[in-house]
Amino acid sequence: MCTYLTEKIAISGSAKGASGWIKVTEGTVYLDHPVHAPFGHTLNIDFLAPELGPAGRVAVELSQESARALVKAIEATLESAPPGLE
Amino acid sequence: MYDAMLAESIMITGHGGDTIEAYSARPLDGAPRGGVVVIHHMPGYDESTKEIARNFAFHGYNAVMPNLYWRDAPGASPDDAAATARAKGGVPDDRLVGDVAGAMAYLKNLSNSNGKVGTIGYCSGGRQSFLAAVSLQLDAAVDCYGAFVTGEAREGTTMVPIVDKTPDLSCPLLGLFGNDDQYPSPAHVDQLEEALKANGKNYEFHRYPDTGHSFFSVNRPAYRPESATDGWQQIFAFYGRYL
């Protein structure tokens with residue numbers, strides 16, 4: 001199915017895509033049919049630079065298991081980082 | 001046997017008089033032909049759906065697929081366009097109907113048109129094929145596993161069920177579904193069938209065992225060759241009767 005559900009967040013950072021590094025300011029997260037990954041549905045994340053148009057995007061499609069592992073890894077990394085780093 | 005066909009990107013007039021891109025595939029032998037509006041799935045106006053349009057031309061139909069994301073991302077690659085359209089909230093129902101109406105007009109104006117036009121859509125396009133058929137005067141419509149025709153509205157989306165529009169269905173409906181699909185589930189399909197029966201509509205459903213969603217998609221793990229092969233036969237038999 002197409003879920004039609006999309007989480008949108010403001011982000012601050014950079015991502016590297018086909019044309020090199022871009023400043024990304026928005027992120028969208030959704031679980032839906034992938035374009036490339038060999039699964040029925042994947043957890044998809046788009047890191048977006050809207051001012052660059054539709055191609056201003058770095059995309060990942062992860063299996064749901066991979067996505068949950070990624071969330072844990074991100075949380076663990078942030079929690080274990082020395083305090084005070086900016 | 002002369003079997004040349006022409007497949008090309010064109011511009012058509014869509015909803016609100018907007019000029020939008022479309023992909024046209026049509027036989028060139030000059031015989032009168034029915035037309036098919038191919039409604040692409042949510043992942044976009046992509047290579048696999050263009051192949052479906054060419055398949056209809058190969059089988060003797062004029063086919064056209066409007067790029068439903070043209071306004072959101074003109075000229076973008078299909079995946080980037082789909083992501084952009086999604087971030088903007090997707091395709092509004094009224095815009096879809098206007099774009100299908102524009103595609104119908106294009107088909108009916110072709111010199112080899114026999115005046116008949118049907119629609120087909122897969123996944124989100126299945127719902128949109130039904131939406132077109134309850135909104136426009138069509139000759140046939142095919143709904144391939146479209147979710148949210150029936151069932152409950154999903155929180156957080158603007159996608160609403162449209163089964164209440166069944167009395168307005170303008171043409172015979174062919175529905176193709178997998179029994180292992182959850183959206184639409186067999187219960188959702190039952191609900192649509194009950195509405196069609198209650199309104200005395202001409203419909204034909206085929207439900208495939210051991211088959212889930214997206215079973216026509218040859219490039220996805222959900223592909224089910226046996227179900228898809230039978231489904232294609234049902235589609236061409238159906239269009240053969242009504243287009």
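**Exercise 1. The contact between the chains**

How many residues of chain B are in contact with chain A, and how many residues of chain A do they meet?

Solution. The structure is a predicted model. On the side of chain B, 26 residues are in contact with 19 residues of chain A. Next, ask which element contributes the most on the chain B side: helix H2 (residues 78–87) of chain B does, with seven residues. Finally, sort the residues of that side by class: 13 are nonpolar, eight are polar and five are charged.

**Exercise 2. The sheet of chain A**

Determine the strand order of the open sheet in chain A, and explain why S1(A) and S4(A) each have one side without a neighbour.

Solution. Start with the order: four strands of chain A form an open sheet, S1-S2-S3-S4, with antiparallel pairing. Then look at the edges. Strand S1 (7–17) and strand S4 (57–62) of chain A each have a single partner strand, so one side of each lacks a neighbour in the sheet. From one strand to the next, the twist averages 30°. Now take one pair in detail: nine bridges link S1(A) to strand S2 (residues 20–32) of chain A in the antiparallel sense. Within this pair, A:Gly17 has A:Gly20 in S2(A) as its bridge partner.

**Exercise 3. Strand S2 of chain B and its partners**

Describe how S2(B) pairs with S1(B) and with S4(B), then decide whether S2(B) is largely enclosed or open.

Solution. First, strand S1 (residues 5–13) of chain B runs antiparallel to S2(B), and nine bridges join them. B:Thr13 lies opposite B:Thr19 in S2(B). The hairpin of these strands has five residues between them, and B:Gly16 adopts a positive phi near 70° there. Second, S2(B) also pairs with strand S4 (residues 62–66) of chain B, antiparallel, over four bridges. In that pair, B:Ala22 has B:Pro66 in S4(B) as its bridge partner. Third, consider burial: of the nine residues of S2(B) (residues 19–27), seven are buried, so the strand is largely enclosed by the rest of the structure.

**Exercise 4. Two helices of chain B**

Classify the crossing of H3(B) and H4(B), and list the residues that meet.

Solution. The axes of helix H3 (residues 93–108) and helix H4 (residues 124–135) of chain B come within 10 Å and cross at roughly 75°. Angles of 65 to 115 degrees count as roughly perpendicular, and therefore H3(B) is roughly perpendicular to H4(B). For the contact, H3(B) supplies B:Asp93, B:Leu96, B:Val97 and B:Val100, which meet B:Gln128, B:Leu131, B:Ala132 and B:Ser135 of H4(B). By class, this contact has five nonpolar, two polar and one charged residues.

Definitions and conventions. Residues numbered from 1 in each chain as written. Chains lettered and ligands numbered in written order. Predicted model: local features only at pLDDT ≥ 70, side-chain atom pairs only at ≥ 80, totals over all residues. Buried ≥ 20, exposed ≤ 12 C-beta atoms within 10 Å, placed from the backbone. Pairing = 2+ DSSP bridges. Axes fitted to C-alpha atoms, helices over the stretch in contact; angles between N-to-C directions. Parallel < 35°, antiparallel > 145°, perpendicular 65-115°, else oblique. Contact = placed C-beta atoms within 7 Å. Nonpolar A, V, L, I, M, F, W, Y, C, P; charged D, E, K, R; others polar.
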